[in-house]
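Hi,

Here is the structure I promised to send over. Have a look at it first, and then read on for what turned up.

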Amino acid sequence: MAITVEPLHARPRPREQMTRLLTDGWPEFIFHDQATGRYLGQVRELFGDLELVLLDDGEVVAAGWAVPLRWNGQVEDLPAGYTDCLVRALAAYDAGDFPDTLAVLAAQVRFERRGDGLAGMLLTAFRQLAEEAGWEYVICPVRPTHKARYPLTPIGRYVEWTRPDGAPLDPWIRTHWRLGARVLATAPRSQVITGTVAEWQTWTGLAFPDSGDYVIPDGLSTLHIDREADQGVYVEPNVWLQHR
Ligand SMILES: CC(C)(COP(=O)(O)OP(=O)(O)OC[C@H]1O[C@@H](n2cnc3c(N)ncnc32)[C@H](O)[C@@H]1OP(=O)(O)O)[C@@H](O)C(=O)NCCC(=O)NCCS
């Protein structure tokens, strides 16, 4: 295995490779976050050099992206979560502030290559990138991959769960933890996704005959449906990890 790392936009990428990479891993509703949608285009345009890919013999097997922002190192000053990272990155850019923090927002490994340690290599590449840029902190609003199995458990309790050997129970948190990252705080409102009842039915494949809370496929928490208002609201909890 000859793994190398490159900026995504260093050269054209075969569409078939990118499609294979991005197949599987994300619930449909995550692509309908209107707040995130408002900022994403500009973020991608400004910070496209912070999108990295891992190549195995030239073929894309993993990808991730990050944004630069300012943070004073204190928990109270952390962004509210994923969406707020976009806001903070754009605010720092607009103000002409020199960033001091890299926030790694997503990582994706090709389905059949998961469990091979590729995500750890990607995180290491981001840490290196931050170091070379002279940015002091690397933080991640992590979407714990097994949280969807426990949608009723508060995120604050979930992050405390460990295996008998003391490692975090969640596999994705564990990958960060093995690299020396530590949990800083929870981000209970990392993303807030709102849609009509019909939209939520399409995104989840479920019917919502009554108002109330529903467990939805791949939801890290429950979906609240208000039929009178014709609205469903999902609040996604994440976990703040800091790499040292
Ligand atoms: C989360 C993700 C990036 C992790 O990448 P990865 O390269 O598989 O990570 P690792 O190799 O470090 O594996 C992490 C753990 O998950 C286990 N694992 C996850 N998927 C696995 C699979 N399909 N087969 C075997 N093991 C798997 C690994 O064994 C490992 O557990 P361990 O600590 O006991 O060894 C990857 O699963 C993924 O792309 N998921 C979909 C997108 C996503 O959820 N991204 C994270 C939110 S930003």
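Let's start with the ligand: of the 20 residues around it, which come nearest? They are Gly115, Gly117, Arg174, Thr175 and Arg178. Before you get too attached to any of this, keep in mind that the model is predicted.

**Around the ligand**

Strand S4 (101–109), helix H4 (118–133) and helix H6 each put at least two residues into the shell. H6 gives the largest share, with five residues. For orientation, H6 covers residues 171–178.

- Arg178: an N or O atom of its side chain is 2.5 Å from an oxygen atom of the ligand.
- Thr175: here too the side chain is involved, with an N or O atom 2.8 Å from an oxygen atom of the ligand.
- Ala107: this one uses the backbone, where an N or O atom lies 2.9 Å from a nitrogen atom of the ligand.

As for cover, the ligand on its own has 900 Å² of accessible area, and the protein covers 73% of that.

**Aromatic rings**

With a cut-off of 6.5 Å between ring centres, the count comes to 11 aromatic pairs. Tyr150 and Trp161 make one of them, an edge-to-face pair with 4.9 Å from centre to centre and 90° between the planes. This pair links distant parts of the chain, 11 residues apart: Tyr150 is in the loop between strand S5 (137–142) and helix H5 (155–158), while Trp161 is in the loop between H5 and H6.

The charged end of Arg44 sits over the ring of Trp65, 4.3 Å from the ring centre. Likewise, the charged end of Lys147 sits over the ring of Tyr158, at 5.8 Å from the centre.

**Two buried residues with polar contacts**

His243 is in strand S9. It has a relative accessible area of 5%, so it counts as buried. What does its side chain touch? The side chain of His176, through a polar contact of 2.9 Å.

Ser190 is in strand S6 (residues 182–195) and is also buried, at 2% relative accessibility. The Ser190 side chain reaches the backbone nitrogen of Tyr82 at 2.8 Å.

Arg38 is in helix H2, and with a relative accessible area of 59% it is exposed.

Thr23 is in the loop between helix H1 (15–22) and helix H2 (34–46). At 47% relative accessibility, Thr23 counts as partly exposed. Its C-alpha atom is 33 Å from that of Trp71, which is 48 residues away along the chain.

**Positive phi angles**

Two aspartates are worth a look in the backbone. Asp218 has a phi near 65°, a positive value in a residue other than glycine. Asp218 is in the loop between strand S7 (212–214) and strand S8 (223–226) and is partly exposed at 46% relative accessibility. Asp230 has a positive phi too, near 50°. It is in the loop between S8 and S9, and its relative accessible area of 40% makes it partly exposed.

Over to you!

Definitions and conventions: Residues numbered from 1 in each chain as written. Predicted model: local features only at pLDDT ≥ 70, side-chain atom pairs only at ≥ 80, totals over all residues. Heavy atoms only, no water. Phe/Tyr/Trp six-rings, centres within 6.5 Å; stacked < 30°, edge-to-face > 60°. Helix = DSSP H or I, 4+ residues; strand = E, 2+ residues; numbered from the N terminus. Lys NZ or Arg CZ within 6 Å of the ring centre and 35° of its normal. Near = heavy atom within 4 Å. Polar contact = N/O pair within 3.5 Å; in protein donor to acceptor, adjacent residues only side chain to side chain. Areas by Shrake-Rupley, 256 points an atom, 1.4 Å probe, with all protein chains shown as cover. Buried < 20%, exposed > 50% of the residue type's maximum accessible area, 1.4 Å probe, protein only.
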